[in-house]
Amino acid sequence: MERRQVPVYVGALAAGALVGWAAPAAGPVLEHAINPVLAALLYVTFLQVPAVELVRSLRAGRFLAAALVVNFVVVPVVVAAMFGFLPDDQAVRLGVLLVLLAPCVDYVIVFSGLAGGSGQRLLAATPLLLLAQMALLPGLLFLFLGPDLADVVEAGPFVEAFIVLIVIPLALAWLTQAWAARRPVGRRTADAAGTAMVPLMAATLLTVVASQVPKLGDGLADVVRVVPFYVLFLVVMAFAGLGVARLFRLRVPEGRAIVFTGATRNSLVVLPLALALPDTLAIAAVVIVTQTLIEVVGMVIYVRAVPRLLPAR
């Protein structure tokens, strides 16, 4: 499965779309399963980052600085340039902002590695990127939406997502690492959990898509209208990431990783925030899931294009 991750993920998305179309009544049930499946996925992701290595990764100053700049300086500028052209619907715009302003922390590691990028650097930077986006996302949303943001977005879901999707999985991962360092059974447990990465990612993608497809309804036209923006974002960020990598004079594997982290977005983690919005803004969640569908196809292209864009010396 690890050697065939891309077709597994594409298959999971297709299966999710089929389930959502064939059994729309299952949508609400599957929606409740998103957070548990996603928390399990992030636990396994964090388990691959030893606490000691995380501390060491903070010394990789140039790479971390480049990752923060491309995600929290360059990306907001690109989104700001597109914002005025987005459909004039508050829910659609909020969905686009939620997904494009948050950097990916899960399958970006896979796709970056397939393109010869430094997956280990990205893996070690994952907790920092998660913390940074949770801290900065409310402020960025306020900059784009202004005072209207307070009328539709509550702080509670952000706090809940931070605890359920970051604090608890990270704490459990570190406890498992400590157990594995002291007991053979702990080591076997950690190894077994590590093999669950691909199945959990596939399960997460299937659950997310299947739960949201029934919500399309009359909002299909608005969702289709944001697809060109997602495609444009992927094209622009390929060259923007390359520029940041060169600005910080990174080695080729690290530079490729920067291109991927700038282009891939955190749709799975921000989706629970969208699901907590009022019913009048329900289309925001579908807008976010649409970005996932476009992005997976884009990542297949990136795996071949980025090595040519940033060739090994």
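Which residues form a nonpolar patch on the surface? In this predicted model, the patch is made up of Val159, Ile163, Val167, Ile168, Leu172 and Leu175, which together have about 510 Å² of accessible area. One of these residues, Val167, is found in helix H9, which spans residues 155–182, and with a relative accessibility of 36% Val167 counts as partly exposed.

Side chains of opposite charge can pair when their charged atoms come close. A search of the whole structure finds three salt bridges. In one of them, Arg121 is joined to Glu254, with the closest N and O atoms 2.9 Å apart; because Arg121 lies in helix H7 (residues 119–145) and Glu254 in helix H13 (residues 252–263), this pair ties together parts that are 133 residues apart in sequence. Arg121 is partly exposed at 30% relative accessibility, whereas Glu254, with a relative accessible area of 8%, is buried, as this value is under 20%. The side chain of Glu254 also meets that of Arg251 in a salt bridge of 3.3 Å, N to O, and Arg251 counts as exposed at 54% relative accessibility.

Key:
Residues numbered from 1 in each chain as written. Predicted model: local features only at pLDDT ≥ 70, side-chain atom pairs only at ≥ 80, totals over all residues. Heavy atoms only, no water. Patch = residues over 30% accessible without salt bridge, like charges linked within 9 Å, V, L, I, M, F, W, Y side chains within 5 Å. Areas by Shrake-Rupley, 256 points an atom, 1.4 Å probe, with all protein chains shown as cover. Salt bridge = Lys/Arg side-chain N within 4 Å of Asp/Glu carboxyl O. Helix = DSSP H or I, 4+ residues; strand = E, 2+ residues; numbered from the N terminus. Buried < 20%, exposed > 50% of the residue type's maximum accessible area, 1.4 Å probe, protein only.
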